[in-house]
Amino acid sequence: MSKKIKLLIVDDEVKFLESIAKRLELRDFNVTKATNGQEAIDAAHNDKFDLALLDLKMPGMNGKDVLKMLKDEHKYLEVIILTGHGSMDSAVECTKLGAFSYLPKPYELEKLIDILQQAYEARLRKKFSADQARIEKLTSLATGSSALGILRAMREMDDDEK
């Protein structure tokens, strides 16, 4: 990988969090750790991540709540749920909320890395498609609008991007 994938890992089990973070850092991921949902939300406000790996069952804000908040705030962020307390119902619910994938603990490292890479590729495709649409809109505006009209449209597109 030429650019490290920025990954947010959220798990209340500190030993597990440290272990998985080290394993993924050795695989060239740029990892930020959070031990609860609020830390994850704060980290995502302060930095942009490509992917998030969330534990489902945590005290306070659970993984579903964090998933919903992250997806509402960061439309290109792909989220993978990794849990030891999963069920088919929670997997379906998380998928409906926008989770890219749902994996049980214990996990196989190679399978996790494969899913992280697939999620990153999906993120890039979504972002590229949105960028292409933006370029097409700007090109269309440039041929038929005043400079002030173009600037207004660009501001609106920037507001939509947030």
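Is Asp72 buried or exposed? I looked it up: Asp72 is exposed, with a relative accessible area of 57%. My scale is this: buried means under 20% relative accessible area, exposed means over 50%, and partly exposed lies in between (1.4 Å probe, protein chains only).

**Ground rules.** I am working with a predicted model, where local features need pLDDT of at least 70, side-chain atom pairs count only at pLDDT 80 or more, and totals for chains, interfaces and linings use all residues. Residues are numbered from 1 along each chain as its sequence is written, and side-chain values use heavy atoms, with hydrogens and water left out.

**Entry on Asp72.** I checked its partner next. Asp72 and Lys68 meet in a salt bridge, 3.2 Å from N to O. I count a salt bridge when a side-chain nitrogen of Lys or Arg is within 4 Å of a carboxyl oxygen of Asp or Glu. Both residues lie in helix H3, four residues apart, about one turn of the helix. Helices here are DSSP runs (H or I, at least four residues), strands are runs of E (at least two), and both are numbered from the N terminus. Lys68 is partly exposed at 43% relative accessibility.

**Entry on the other bridges.** I found 13 salt bridges in the structure. One of them joins Asp28 to Lys4, with the closest N and O atoms 3.7 Å apart. Asp28 sits in the loop between helix H1 (14–25) and strand E2 (30–34), and Lys4 in the segment before strand E1 (6–10), 24 residues apart. Asp28 is partly exposed at 30%. Lys4 is partly exposed too, at 42%.

Then I turned to Lys105 and Asp11. Their side chains form a salt bridge of 2.6 Å, N to O. Lys105 lies in the loop between strand E5 (101–104) and helix H5 (109–144), and Asp11 in the loop between E1 and H1, so the pair ties together parts 94 residues apart in sequence. Lys105 is buried at 18%. Asp11 is buried at 2%.

**Entry on H2 and H3.** At what angle do helix H2 and helix H3 pack? I noted about 10° between H2 (37–46) and H3 (63–73), with axes 10 Å apart. Axes are lines fitted to C-alpha atoms, for helices over the stretch in contact, and angles run from 0 to 180 degrees between N-to-C directions. The two helices are therefore roughly parallel. Angles under 35 degrees count as roughly parallel. For the contact (heavy atoms within 4.5 Å), I listed Gly37, Ala40, Ile41, Ala44 and His45 of H2, and Val66, Met69, Leu70 and Glu73 of H3.

Note on methods: Parallel < 35°, antiparallel > 145°, perpendicular 65-115°, else oblique.
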